[in-house]
Structure formats: C-alpha cells, structure tokens
Amino acid sequence: MMTPADEPRTETEELDASTAIEVEQETSRALGKETRQVLFAVLMVAAFMALAHFTPLKAWITNVQIWKEMVREFGWGAHAVFMAACAGTVMLGVPRLPLCAAAGLIFGFGQGLVLSLVASTLGSYGAFVLSRHGFRRAAESRAEKWPWLKKLLKKPSVIRVFWVRQLMVPGLVLNVLLGMTPVKHTRFLLGTLLGYLPLNVAFSLVGSGLGKGSLATTLTQLLGAMAVINIAAWLVYRMMKKQKQG
C-alpha cells in the first residue's frame, strides 16, 4: 500500500473513452434513482401529514411533539448517543438515509442535519481506516460488480470522492475501495462530507417535516428537499460533462 509521501501529485486522471461512457451511464442512472427515492419519500410524508391534519391521526402529531420534548430534556447526552449509534451502523454498512430522516424527526432539521452528516462521515471514515488495515475482503469482492469504479478512483481527488458519493454504490464498498487507493485522509473526509450533504439535507428535511404541527411548514420543507436534490443532480451533471470534455 502506498504511503502519503508516495501519493501522486496529479489531482485526477483522465478516463478512457469506454470507461467515461460507462461512468456517464451509471451517474445518470444513479441520479435518476436518487430523485425517485426523494420524490417517493416526499409524497408519502405529504400524504400522511395531510391525513394527520384532517383526521383523528392529528393526535399522532401531538405525541411526536411530546416525544421530541422528552428527547430535548436529555440534552447533549441524546445527541451523543445518536451520533455514536449512527456512526457505528454506517461503519458496518447500514444505509444512512433512514438515519438522516430519523435525525430530522427527532432533533429537527438543523440539529438533525449536523448530527447525521458528522456521524455518517465519521462512520464512513471508520470503515476507510479499517480497510487500510486489511479488513476489506468481503467488500472488495462485491466491488467487482463495478469495474469502472476502480478506474474512476485510481487517483481520487476531492471532486471525485464527492462524485462517487452520488452513485448508487453501497457506502461500505466505496469506503473500502477508497481505503485501497492513495487518497489522503483529508481528501476522503472533505469529499465524503460534501458528497453526503445533498441527500442528508433532503432526508433531514423530509424527516423533520414529518413531525411539524403546521401542514404549510411540512410542505415547504418537502419542496425544499426536492429543490436540493435537483440542484445536486445539476452539479454532478456539470462535473460529468466537464470530465467528458476534458
């Protein structure tokens, strides 16, 4: 394994034509799937909250507010427990998005976003560090399904780490693959943090909207979630086109 001193000075490496086409196809497929996931979550929450506001289910909203108040009474202890649990489960390969929604529901959008973003980044970093110490065989075999991914990550920059975080590849596989590259720890952390941000924002908004006492506030947050994921998709398409032209 290469040491940080051996890392290549080149920021990125151009992809060959066939790999570039495959990466473009996978990126388009992944962004479409992510958009559908967020749209499905938005529609489900909007339908449930509309029912809750105009039927006896409204008592559920009151109960959620009481429950959130109980969590707040625990203070930073509740935050620490959630972060530790979230980081541990993400490190083991559990999908982070339900945890983002749960954080938004329990702690509200702002705190939920910060907690889920930091915890999921730390959990991924834990898997990354373990992979550099040899704990990678199972995930490495799964990575054979995406041969183009190894080429994309041959010399990973912050931008490429951000890019691959938008693809529908299991987070554990990405963490292990990145651990097998000469990427610096700081690049991994920054690229992962930025790469996780769009969907963490979207699902924290969705989760937070699920517990709001105002239907208008819920709908505003759900529209915000859709806006975030569309802006993220546009940014990734820009990167993809720039890579193709380069």
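Predicted model: local features only at pLDDT ≥ 70, side-chain atom pairs only at ≥ 80, totals over all residues.
**Stop 1: the largest pocket.** Select Pro95, Arg96, Val169, Pro170 and Gly171. Of the 22 residues lining the largest pocket, these lie nearest its centre. The space inside comes to about 520 Å³. Now colour helix 1 (17-54), helix 4 (97-107), helix 9 (171-179) and helix 10 (185-209). Each of these helices gives the lining at least two residues. Colour the lining by class next: 14 residues are nonpolar, three are polar and five are charged.

**Stop 2: helix 4 against helix 5.** Two packed helices are described by the angle between their axes and the distance between the axes. The crossing is right-handed. Show side chains at the contact. Helix 4 brings Cys100, Ala103, Gly104 and Phe107. Helix 5 answers with Phe109, Gln111, Gly112, Leu115 and Ser116. By class, this contact has five nonpolar and four polar residues, with no charged ones.

**Stop 3: Asn200.** Move to helix 10 and pick Asn200. Is Asn200 buried or exposed? Asn200 counts as buried because its relative accessible area is 0%, and the cut-off for buried is under 20%. Which residues does Asn200 touch, leaving out those up to four places away in sequence? They are Arg96, Cys100, Leu113, Ser116, Leu117 and Ser120. Arg96 was also selected at the pocket, among the residues nearest its centre. Finally, draw a distance from Asn200 to Ala101. Their C-alpha atoms are 8.1 Å apart, across 99 residues of chain.

How values were computed. Residues numbered from 1 in each chain as written. Heavy atoms only, no water. 1 Å grid on protein atoms, 1.4 Å probe; cavity = no way out; pocket = protein on both sides within 12 Å on 5 of 7 lines; lining within 4 Å. Points joined across faces, edges and corners; volume = space filled by probe spheres on them. Helix = DSSP H or I, 4+ residues; strand = E, 2+ residues; numbered from the N terminus. Nonpolar A, V, L, I, M, F, W, Y, C, P; charged D, E, K, R; others polar. Left-handed = near helix turned anticlockwise from the far one by under 90°. Contact = heavy atoms within 4.5 Å. Buried < 20%, exposed > 50% of the residue type's maximum accessible area, 1.4 Å probe, protein only.
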